[in-house]
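Subject: Structure handover

Hello,

Please find the structure below, followed by notes on what was found in it.

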Amino acid sequence: MGTDALRMRGITKRFGRIPANDAVDFTVAKGEIHCLLGENGAGKTTLMKVLFGLHKKDAGEILLDGRPVEISSPGDAIAGGIGMVHQHFMLVGRLTVTENIIAGREPRSGFLLDYRRAREMVREISGRYGLKVDPDARVEEISVGQQQRVEILKALLREAELLIFDEPTAVLTPPEVQELFGVMRRLKASGKTMIFITHKLKETMEISDRVTILRDGRKVATVETARTTPARLAEMMVGREVELRVARPEVTRGERILALKDLRVKGADGRYRLNGVNLEIHRGEILGIAGVEGNGQLELEEVVAGLLKPAQGRVWLGAEEITALDPGAIRARGVAYIPSDRLRRGLIGSFSAARNLILGSQRGRAFAPGGILRHRRIEEEARRLVADFDIRAASVHEPAAALSGGNQQKVVIARELSRRPELVVAAQPTRGVDVGAVEYIHRQLLKMRGEGKGVLLISAELDELRALSDRIAVLYEGRIVAEGPSGGFTEQELGLLMAGEGK
Amino acid sequence: MSGKKLFIDFAYSLGAVFFALLLGGVLIHLSGYDVREAYLSFFDGAFGNVYNLANTLMMTIPLIFTGLAVAVGFQAGLFNVGGEGQLYLGALASALAALFVRGLPPVLHIALALAAGALAGGLWALVPGYLKARTGAHEVITTIMFNYVGILLVAFLVKEYFKEPGRADQTSMIPASARIPELIPDSRLTWALFLGMLAILAVDYLLKNTSLGYEIQAVGQNLPAAEYAGIDARARMTVSMLLSGMIAGLAGSTMVLGVLHRFINNFSPGYGYTGIAVAVLARNKPWGILPAALLFGALQSGGMSMQLFARIPMDLMTLVQGLVILLVAAPALLEILAASRRRPKEVTPDGRDPDGHLQHQ
Ligand SMILES: Nc1ncnc2c1ncn2[C@@H]1O[C@H](COP(=O)(O)OP(=O)(O)OP(=O)(O)O)[C@@H](O)[C@H]1O
Ligand SMILES: [Mg+2]
């Protein structure tokens, strides 16, 4: 493997008094794919931001190809051959792919942009690494996976030798993940070095050469991927044994709690997002909805929660029809809702964790009799939930935006599950959370099931669906294309059905 | 909101004020005036003695109300630019209540006149608020239009129905029982200053301690999340517009009941608009309104004496005021606008995550 492409030595970064990185040593060999693992809030993103010049380190040094460098801005990092593929892309939607990629490096003829040459540059570089893009498409019109490629090309055009990927797979569909891995392998073959952050151990095992584990801001170990197992990695991350698969005990199925009858929802373009969906959930049952995102999942969760009104069809909760009720009334009838887009729907970033923990109960006897918020009660409840759900926050007064991603998700889950719901709508409940939290969330959902609640689980993770669901329904282009006991599907069958190639 | 950020904001604003005064000094010098004399008369005029200070505070009072009005709208994500119109409606309503209701004891009479002003201002803001909530008509456009309509309507009513005989377009003097008593004898500073602080206190309490305040802020900070929580966003928007207009109306009431003692057409030098700068400078924090309003009050009263004693033309003074707004309020305004544009996607109004990592977008 030759010399080390990157050595970070004794990196310390504090936010206030708490160190997010504590004397971290991190070495990446030239030409390897190095996976960075750690629980939510372990300090992965912080370490990468120090490397990319987005955070100023408090101590430590950075060596690139053996030479000490001072990186105090992204400009320095790019000049040093580092590229970062941002999770939330920093692209200009209205500009074309070409314009986005060459921004800041435009070939010019006179004062004007030489678009022809620019397009050639993009063609050349995308051909070289097999990253297919349409140079003339506008960025807002292409898929998330393609936008990610544009980000990668942007870094490559700036001659990056070391590429940082911070949770690139969190937003991709399974086929897109495979495409990304193909690209990463080609990049590796051409001598590039990559740092890859993920919470999915399967992906770590598949793509990486070595793994470095962080815990509470400290480095735990660096191991070779070939000589370890997912269980060992999980244990190092969490500091205890983790059940990667929780057991699903027998539960007797009770009466019907949710029924959807011939639901149709129209999108803005006039096409049906849900096209005649019929589903039932009984007490003590988890119904899993499998499908590639964008096939009606979002509409399904929002219709049940009352945020979206169907063009046709009816929704029943127990014996009561709730189709026309508003979200507040549905919530009051015992429907808990973990939304897939937690940042947009589930949290108010500028509110404290404690205030977020009463979102939806901001009125009423529990926390605000007479319309006056009882701060003491709210704080007590927040402390209880923070302890019960192991939410790591400096304090309950910390704004939600300052929590790490997994801890934000735990805030939503703690809030929703602590309200004694009758039905839980859980959409992508484990996205972006670490293995320990995944285990925890799975246990909670199974506990709800054990207590005779109904659970509607919408997930892009086949493992999760198969482990938790009693029955699985596959959603494809707004229709249920298959439904049955979860044991009745193999992973392969589900994959085909989700792609619309089943039967 | 962390104390540290609050402190940084404050220090920044203070620095910007000094810088603006410095730049103003350069301009004054370049125009051939004595800078020292100019600023001496400025500070003397604003804070020099009890009466000048009282004068400054007198000018601060309406700005407390108009600034607070804008801040309340902002809490629900609404930009109420209609303070000026609401102020005029409040002023006339208070004047009429003072003139035509007779035989009440002083405190009650004042309270009634204030209530009339708040009601009129509130109703004048309620219409744009309702239009926004029902049809999505942008409140900036509608409130600006309502400024014109309101100011002209009030002028027409006075001219046509309530004019005191004589040349000026004004009502007759209100009875003593409706006048807000003065705080310092022989000055025009009245107890309305405490009314302003009371309003701040009430808004602060509403936002921090009530379900309604929680919901208004939820709507302003993250509308989809507010809907998720079962909050009736339209109703909350309408209510916050109503509140905002009521407070702006009180600005007019306190001018009429405390200072002018009658309604005079075109009496306001733009308190409603200056209120926007006040709110922006205060970062829409209720208690920030007080120092921000004081700054603009001082600029006004100090500016007058600069004009009077250093013989500096008013235009130059307006320029210096403009500099303060540009340097102090404009960056803050940009920040607020940028944050509100980012809001749907990012949870970090402080821009803490430039790489937009999914976890903390
Ligand atoms: N700008 C900031 N201000 C205050 N605290 C911060 C800031 N950025 C990160 N933190 C804190 O530093 C710690 C490490 O955060 P970091 O984002 O690096 O975690 P992570 O390992 O990337 O977690 P995740 O897997 O959830 O993305 C967390 O406790 C987080 O709350
Ligand atoms: Mg992270």
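**Salt bridges**

Arg248(A) is partly exposed, at 31% relative accessibility (buried means under 20% relative accessible area, exposed over 50%, partly exposed in between, with a 1.4 Å probe and protein chains only). Its salt-bridge partner is Asp470(A), with the closest N and O atoms 3.1 Å apart; a salt bridge is a side-chain nitrogen of Lys or Arg within 4 Å of a carboxyl oxygen of Asp or Glu. Because Arg248(A) sits in the loop between helix 8 (230–238) and strand 13 of chain A, and Asp470(A) in the loop between helix 16 (462–468) and strand 21 (471–476), the pair ties together parts that are 222 residues apart in sequence. Helices (H or I, at least four residues) and strands (E, at least two) are DSSP runs, numbered from the N terminus. Asp470(A) counts as buried, at 19% relative accessibility.

This is a predicted model, in which local features need pLDDT of at least 70 and side-chain atom pairs count only at pLDDT 80 or more, while totals for chains, interfaces and linings use all residues. Residues are numbered from 1 along each chain as its sequence is written, chains are lettered from A and ligands numbered from 1 in the order in which they are written, and side-chain values use heavy atoms, with hydrogens and water left out.

Over all chains the count comes to 46 salt bridges. Among them is Glu320(A) with Arg333(A), the closest N and O atoms being 2.9 Å apart. Glu320(A) belongs to strand 17 (residues 320–321) of chain A, and Arg333(A), 13 residues away, to the loop between helix 10 (327–332) and strand 18 (335–338). Within helix 13 (residues 375–388) of chain A, Arg384(A) and Asp388(A) are four residues apart, about one turn of the helix. Glu39(A), Asp216(A), Asp390(A) and Arg392(A) are joined into one network by salt bridges that share partners.

**Strands in chain A**

Strand 13 (residues 256–266) of chain A pairs antiparallel with strand 14 (residues 272–282) of chain A over eight bridges; two strands pair if DSSP finds at least two bridges between them. Arg264(A) stands opposite Asn275(A) in strand 14 of chain A. The two strands form a hairpin with five residues between them, and Gly270(A) in the turn has a positive phi of about 85 degrees. Strand 13 of chain A is also joined by five bridges to strand 16 (residues 312–317) of chain A, again antiparallel, with Lys261(A) opposite Arg314(A).

Most residues other than glycine have a negative phi. Arg420(A) has a positive phi of about 50 degrees and is exposed, with a relative accessible area of 72%. His261(B) has a positive phi near 60 degrees and is buried, at 17%. The latter residue, His261(B), lies in the loop between helix 10 (233–260) and helix 11 (271–281) of chain B.

**Confidence**

The model scores ipTM 0.83 and pTM 0.83. Chain B has a mean pLDDT of 87, with 90% of its residues at 70 or more; pLDDT is the predictor's confidence in each residue, from 0 to 100. Among the elements of chain B, helix 4 (residues 83–100) has the highest mean pLDDT (97) and helix 13 (residues 314–342) the lowest (70). Over residues 341–361 of chain B pLDDT stays under 50. Where pLDDT is low, the predicted coordinates should not be read in detail.

Regards

Methods. Contact means heavy atoms within 4.5 Å.
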